[in-house]
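Here is a short briefing on one protein model. Look at the structure first, then read the points by topic.

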Amino acid sequence: MPNVFFNRIEDETGGIWGYEFNKNADWTFFTLIEDKYADLDLSKPIYFTSSEFNLHEFESILRRKVDNELVEKPYIIFKDCRFRIQEPVSFNNFLIEFSNCQTLTSSFSFENCSNSSIRITNRTAFGVILFKESTEIELQFKDVEFRELKLRNLTNMNFNAEDVTHPKIKVENCGFRDFSIYNSKIQKLIFENSEVGFLTLSGVQGGNISLFADHKSRIGKRKIFEYGRLNIQSCNFTNLSLSGTDKDILLKSLEINDTSNFTLASMEIDSLTLIGAGLSNILIFSCMIKNLRFLYFKIKENVVFNLGEYGDGELILDNAILKGVEANPSFLHNFKSLVLKDSSIVGFVAHSYKMVEQETIREMRGDYVSKIDFCREMNALMIEQNNKHYATIYRALELEFRAKVKDSSLSWFDKQVLNLNYWSNFHGTMPQKALFWILLLMVIQFGIINLDLSFQTNLPFEAGLDFLSQNYSYFIKPFTFLTEVEENYKPFHSENMKATFHPVTKGFDFLYKILFAYLLYQFIAAFRKFNK
């Protein structure tokens, strides 16, 4: 039996495109019957057009015989309708759309709704819109005007707004899976005591936006308000403020793309990504950031990281120019992993600078050319800050990488010189390396001499110790050779014994003196660099 309350809307082929309420039907009977959508294909839209509804009539439309999540939701579209409703409306298991509608009471409220989707589109004007005490709701706004939107005590929500104009949006005590606003002008957007899985602002313009306002703390234990992914793209604000209280905001991922004039303050961020050229007026204050990424990044003016704390994550510079970025304290040394690709830190202003660990630079992802560029620029930065000690260390790292890279500008001989300098004193920064090799060389040469004398005297240990006691200066004089020593050396001070060293031992003696002189020079040179 066909449903007498609705007329079929057919397409060109005679198929059902949707349904429209039959205005000639008995409205009183319609409001009383509960199975009013029987025999309809609920996958098709059901239209109520050009009508005016009060609360009783509206709730009658949204009352069904069966209300559970397993039943297919009717898709109700109110088109060109007016509502004279002051009290909040309630329903569940519906898909509802308001298209070019208006309220006659300057506001529209939803309360205790669940498992439903609500779409407000096509220049609908509801003035002030309030949603509260609801769960499992998907909200969609597109091309609408309203003065203010209030969301209170909502859980498991999805929110999507597109082409909305000059609303004030306040979110209190809510939990969202997704919250998105696109291509809109916003006067005010405030979150209080709320949590979001994915939060997106794209193409949004506004005045002073405080995305995270004050949060109430739980007694005895600090409450962390956790947000999954926050994405801000191509927005233009007079000032956008994202701030917490005592780092009570946790953002798992924050991506800001082509957006200036914003402040991040007192929050904890697992991953922060800044994208765009010509950025300006950005303050990141007292935030705890674990991973930091600059992608196709360049500033115009005033980008400041102030009083921040940084985790042991990853710093990525991908096609980024940090010239003009100011950090107090510097954040470069805080990250365990660095990634550098086609980027530059020339002009980076680093206060309270601390050394980036050498192993962090060695393990930095990227080719040797990128590592060379990074070390060269860090060297220049340290010279600019008159920090000559750190400058020499970065210069040494640059030379280390130059010896490893396939660079046609360096000959084979040049690379061998760099390798020798690396192993002897790490390019003038580690005299202890030269001292280690000197002591090891002395031990080896003593062993060779002791072996030669043991064959001559049949005293394997005593002969070497006797030589050491009489000729200890031989080991520390670069130009005193065994040929000079053996003329006056009397083993065990005996007039009847004379030591004649084997030619092989004298060959090792010559090699020892050359290496000793070189290492002694490298030892002294490394010390001199500390005094410059």
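Lys404 is partly exposed, with a relative accessible area of 43%. Buried means under 20% relative accessible area, exposed means over 50%, and partly exposed lies in between (1.4 Å probe, protein chains only). This is a predicted model: local features need pLDDT of at least 70, side-chain atom pairs count only at pLDDT 80 or more, and totals for chains, interfaces and linings use all residues. Residues are numbered from 1 along each chain as its sequence is written, and side-chain values use heavy atoms, with hydrogens and water left out.

**Salt bridges**

- Lys404 forms a salt bridge with Glu400 (3.3 Å, N to O). A salt bridge is a side-chain nitrogen of Lys or Arg within 4 Å of a carboxyl oxygen of Asp or Glu.
- Glu400 is buried, at 3% relative accessible area.
- Both sit in helix α5 (residues 388–404), four residues apart, so about one helical turn separates Glu400 and Lys404. Helices (H or I, at least four residues) and strands (E, at least two) are DSSP runs, numbered from the N terminus.
- A network of salt bridges links Glu359, Arg362, Glu400 and Lys404.
- The count comes to 14 salt bridges.
- Arg84 pairs with Glu52, with the closest N and O atoms 3.2 Å apart. This pair links distant parts of the chain: Arg84 is in strand β6 (residues 82–84) and Glu52 is in strand β4 (residues 52–54), 32 residues apart.
- Asp143 and Arg123 also meet in a salt bridge (2.6 Å, N to O). Asp143 lies in the loop between β11 (125–142) and β12 (145–155), and Arg123 in the loop between β10 (114–121) and β11, so the pair ties together parts 20 residues apart in sequence.

**Cysteines**

- The whole structure has zero disulfides. A disulfide is a pair of cysteine sulfur atoms within 2.5 Å.
- For Cys81, the nearest cysteine sulfur is that of Cys101, 4.8 Å away.
- Cys81 is buried, at 1% relative accessible area. Cys101 is buried too, at 2%.

**Nonpolar patch**

- Trp423, Phe436, Trp437, Leu440 and Ile444 make a nonpolar surface patch of about 510 Å². Patch residues have over 30% relative accessible area and no salt bridge; like charges are joined within 9 Å, nonpolar side chains (Val, Leu, Ile, Met, Phe, Trp, Tyr) within 5 Å. Areas come from the Shrake-Rupley method with a 1.4 Å probe; for residues, only the protein chains shown count as cover.
- Helix α7 (residues 431–457) gives the largest share, four residues.
- Phe436 is in helix α7. Phe436 is partly exposed, at 49%.
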